[in-house]
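Okay, thanks for coming, everyone. Let me put the model up and walk you through a few spots.

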Amino acid sequence: MSTVASSLDTFPKLVRHNAERLGRRVAVREKDLGIWQAHTWRDYHERSRRIALGLASLGFVRGDKTAVVGDNRPELYWAVLATQALGGVPVPLYQDSIEKELTYIVDHAEARFAVAEDQEQVDKLLRVRQQCPRLEVIVYDDPRGLRTYSEPGLLSLAELEERGEKFALGHPTYVDDEVARGGGEDTAVICYTSGTTGTPKGAMLSYRNLIEMARIAAEREGLRSDDEALAYLPMAWVGDHMLSYAQAIVAGFAINCPESAATVLADLKEIGPTYFFAPPRIWENLLTNVLVRLEDAAWPKRRLTHFFLGLAQDLERRRLGGQPLPRLARLLAPIGHLLVCGPLRDNLGMRRIRIAYTAGEAIGPEIFVFFRALGINVKQLYGMTEASVFVAVQEDGDVRLDTVGTPMPEVEIRISETGEVLFRSPGVFQGYFKNAEATRQTVEDGWIRSGDAGFLDHAGHLKIIDRARDLGRLADGTMFAPKYLENKLKFSPYVKEAVTLGPGRPYVTALINIDLGAVGNWAERRGIAYTSYTDLSQKPEVYDLIQQEVARVNASLLEDEILRGARLRKFLILHKELDPDDEEITRTRKVRRGYVAQKYAPLIEALYTDRDRVTVEARVTYEDGRTGTVRAEVAIRELPAR
Amino acid sequence: MTAPARSGPLLDVDGISVRFGALLALNRVTLSVGRGEIAAIIGPNGAGKTTLLNCISGFYHPFEGAIRFAGQDRTRLRPPEVAALGIARTFQNVALFRGMSVLDNIMTGRALAMRGSFLLQALWWGPARRQELAHRAFVERIIDFLEIQAIRKTPAGRLPYGLQKRVELARALAAEPQLLLLDEPMAGMNVEEKEDMCRFILDVNGEFGTTIALIEHDMGVVMDICDHVVVLDYGRKIADGAAEQVRKDQAVIDAYLGVAEPLQRRPA
């Protein structure tokens, strides 16, 4: 493997190789003006080269950083490649970040250049630039609304490429020379981890990290150059960078950029990807969508669907648990597949999927089983930004419910004395940019501390229990795993987010966010009128609804020997949604437990008193960065003791 | 179509009056809208704003005065003729084909630009086919521009109000107008929808150079996006000028906020 890699050790070299080898094959598709527009590998190479020339004409030198911000667009992937071709380092940013977050990262990464998708991002970057004078040049793709802007150092991608063409006249081999100077140990990208604690940290990944891990995973999972993937996750997330960029280039498959964030589901159906990657949040949304639409169907259809879905899920659960399958169910399953599961899978745009991953955080077992029952090969992937994503993946045909699978080839896993998962692999990052302290805390002799508590079972499968620091015990010593409970709660279409509390307390409680779409639909069908999210969340009927869901979780908890003592005693429904703009969850939608505990301290205290309602006042941040105050009265519900 | 004069105002309304029975809805209103301008027509309820718009779009005809568009007198034209001249409009109460998809609704905006025989169009053959493809491409640009890709195939009647307004704007734009008349484009919208609509109006003006005349009640919006404001009250023009200047005008303040003896001034 290393012999092949030795001459093709950076992405610019690999793309040039692809342009020669796969020239006319499609590399990127983008839905624009209602039509899927295709770009070949030759286009990929050619356009990134032109962008690189343009950047060079503006004085881009080796080591410069380019901030890349916007939805998934071919041009932005090309900007990433162009930066790398010149020996620079791309820094992809979350497109929904507010100005403050952008400012922190642009400043910390010392970005001189920025490539933005449209006016919205340019407006943010122009304000960022006032505080980060190091940011000189801002390039934008979509000129709409920007024609009248006359700020210095602001230019369109078309203008940049034009400048590049002129520059090329005097320097015909400039980009090729720069590409030749690059090597596998150079930093390829800095991915800022959203971090559930503290400020973001910039993980530096080398070309060798990304290319080797991409290749290892592609070989083990059998990726092919005729695979199709949907590039719809934030470009700043390492998952998208690995799949839509690194793996697509290494394996030579095509990625497809949706028309807009609002059309992803429709585009998914049109493309029918064979390789699909989604965090649990997306799977949850898909499931909620299905269940809500099902509730609107006529009752014979609904009954039939529920029956066969139930059957398929029961079978899948037994299969994953290695239990025997009842004969009647086995006989009925093909009918169910024909009538319900197959059509539903097709309707979701998932008929052609060969490999699908859920990653980012733990997925609720019920959600996982649901999609597998439809016949979709969803597998759990355990990974981290610092590992170039891949640590462990469930192998085809060896998927279990309670583990995240076996380590990838060339990845070693070890469990520390404290029960923390440690690993070592070719993907282990170079360190955090300008943060040696954090690097020291994370890496020890080449082993990365994952921060997760887990163990390897007798068959070599890795089982993750919870975040090491989240795992706790109740006041009486009962084991309590918050994430585990939360995932069970979130299986309900009505529960969008849940935060469970318990360590050091006498019993377990939960803060719950309802799903406005699903609960709103439920309320409308029952003729329950509501005016706003806050109003709906505090309806006694909604509390009754959620109470049933909590009782269901408690009942399923009885099956687990270790965790059965940690049943939920009380809950309340939050008056507002947890929002990344309020720093309550990260941009990748992980709950920032510490912050939530602090912010909602009065609510949490009330859960451990005899009160049945509590008044809250909360600051909210609007999308444009302004803040306001919301005041509400929140009810507390106690579950009847059995 | 006659070649439009390159200089001078695009729209010239010269002392027009309209009477409904005993009510003088417009009383010698004169105003002009320059090329590439965003002009607002404001005023209290019943001031005659929509009547003025209806006159410009040929729906009503004034009994005195003249309306000139691009230097040509066109006081007496009917709505289709006005539309053919390059004036498109949206309505105060959304007027979409509720059962048709958003795409089809916007395509109707291209109707005037479609040529060719009925037979060829029915067979979707030859020039008719090429034409339809070209029109569809144009409509797709508008869909992209107004960010309504996700509802392309949705029946218009199923959309929330704010989006219906946006689809109406799209249909008006599909006619490639020189002058766009918007009757309360932001009525009944929430703050976010209003901000979106403001951005679209500014972008339409900036990107296509379309001249826009709009009726609006939200003074914040008017002051923010309009170059030029005309104030009507009881069918008469009481102020005309730059937004800043109009805001300070005493007659305008009186009309909007009332004066000391409002009941005597306005007999029912």
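Let's start with a pair: T500(A) stands opposite A510(A) in β26(A). This is a predicted model, so keep in mind that local features need pLDDT of at least 70, side-chain atom pairs count only at pLDDT 80 or more, and totals for chains, interfaces and linings use all residues. Residues are numbered from 1 along each chain as its sequence is written, while chains are lettered from A and ligands numbered from 1 in the order written.

That pair belongs to β25(A) and β26(A) (508-514), antiparallel and joined by six bridges. Strands here are DSSP E runs of at least two residues, helices H or I runs of at least four, numbered from the N terminus, and strands pair if DSSP finds at least two bridges between them.

Zooming out, we get an open, mixed sheet of five strands, ordered β25-β26-β27-β29-β28 in chain A. β25 (495-501) and β28 (613-621) of chain A each have a single partner strand, so they sit at the edges with one side lacking a neighbour in the sheet. On average, neighbouring strands are turned by 30 degrees against each other, ignoring direction.

And what packs on the sheet? Helix α20 (540-557) of chain A does, touching β25, β26, β27 and β29 of chain A (contact means backbone-placed C-beta atoms within 7 Å). Its direction makes about 145 degrees with that of β27(A), with axes fitted to C-alpha atoms, for helices over the stretch in contact, and angles running from 0 to 180 degrees between N-to-C directions.

Methods. Contact = placed C-beta atoms within 7 Å.
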